[in-house]
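Hi,

Here is the structure I promised to pass on. Have a look at it first, and then read on for what turned up when I went through it.

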Amino acid sequence: MKTSYTIDLHTDPDAVLLVEPGAISYKTAQCRDKICVKTGKLTRPGQAASCLPSKTTVIIKGSSGTNTPDAIS
């Protein structure tokens, strides 16, 4: 994928996702606190963002064997 596009989730309150090469994020949300938008871009397997008022969650999932930690301390 080389172009960006949006997905309107048609929820109440409304939320819109922005899909970009290598990333996904909540672009806008009509909820009061906008924590989902403030979460920013999700780029790695295991990252997630939720908009509780719109009852939506975005989770990055990788193929088998790619969800390994970068470091353990």
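Now the overall layout. Of its 73 residues, 27% count as buried. The chain exposes about 5,300 Å², and carbon and sulfur atoms supply 53% of that area. If you take the contacts between residues at least 6 apart in sequence, 15% of them join residues at least 24 apart.

Three of the strands make an open sheet in the order 1-2-3, with antiparallel pairing. Strand 1 (5–8) and strand 3 (23–29) are the edge strands, each pairing on one side only. On average, neighbouring strands in this sheet are turned by 25° against each other, direction ignored. Strand 1 and strand 2 run antiparallel and are joined by four bridges; if you want a spot to check on screen, Asp 8 stands opposite Val 16 in strand 2.

Strand 4 and strand 5 (residues 56–59) also pair in the antiparallel sense, over four bridges. They form a hairpin with four residues between them, and Ala 48 stands opposite Ile 59 in strand 5. Strand 4 has two faces: Ala 49 and Cys 51 are on the covered one, Ala 48 and Ser 50 on the uncovered one.

A few backbone details are worth a look too. Most residues other than glycine have a negative phi, and most peptide bonds are trans. Here are some that go the other way:

- Asp 12 and Pro 13 are joined by a cis peptide bond, with omega at about 5°. Pro 13 lies in the loop between strand 1 and strand 2.
- His 10 has a positive phi, near 50°. This residue is also placed in the loop between strand 1 and strand 2, and at 67% relative accessibility His 10 counts as exposed.
- Lys 34 has a positive phi near 55° and is found in the loop between strand 3 and helix 1. At 33% relative accessibility, Lys 34 counts as partly exposed.
- Lys 55, in the turn of the hairpin, has a positive phi of about 60°.

Finally, a word on confidence. The mean pLDDT of the chain is 88, with 84% of its residues reaching 70 or more. Among the elements, strand 3 has the highest mean pLDDT (97) and strand 5 the lowest (95). Where pLDDT is low, the predicted coordinates should not be read in detail.

Cheers

Notes: Residues are numbered from 1 along each chain as its sequence is written. This is a predicted model: local features need pLDDT of at least 70, side-chain atom pairs count only at pLDDT 80 or more; totals for chains, interfaces and linings use all residues. Side-chain values use heavy atoms; hydrogens and water are left out. Buried means under 20% relative accessible area, exposed over 50%, partly exposed in between (1.4 Å probe, protein chains only). Two strands pair if DSSP finds at least two bridges between them. Axes are lines fitted to C-alpha atoms, for helices over the stretch in contact, and angles run from 0 to 180 degrees between N-to-C directions. pLDDT is the predictor's confidence in each residue, from 0 to 100. Contact means heavy atoms within 4.5 Å. Accessible areas come from the Shrake-Rupley method with a 1.4 Å probe; for residues, only the protein chains shown count as cover.
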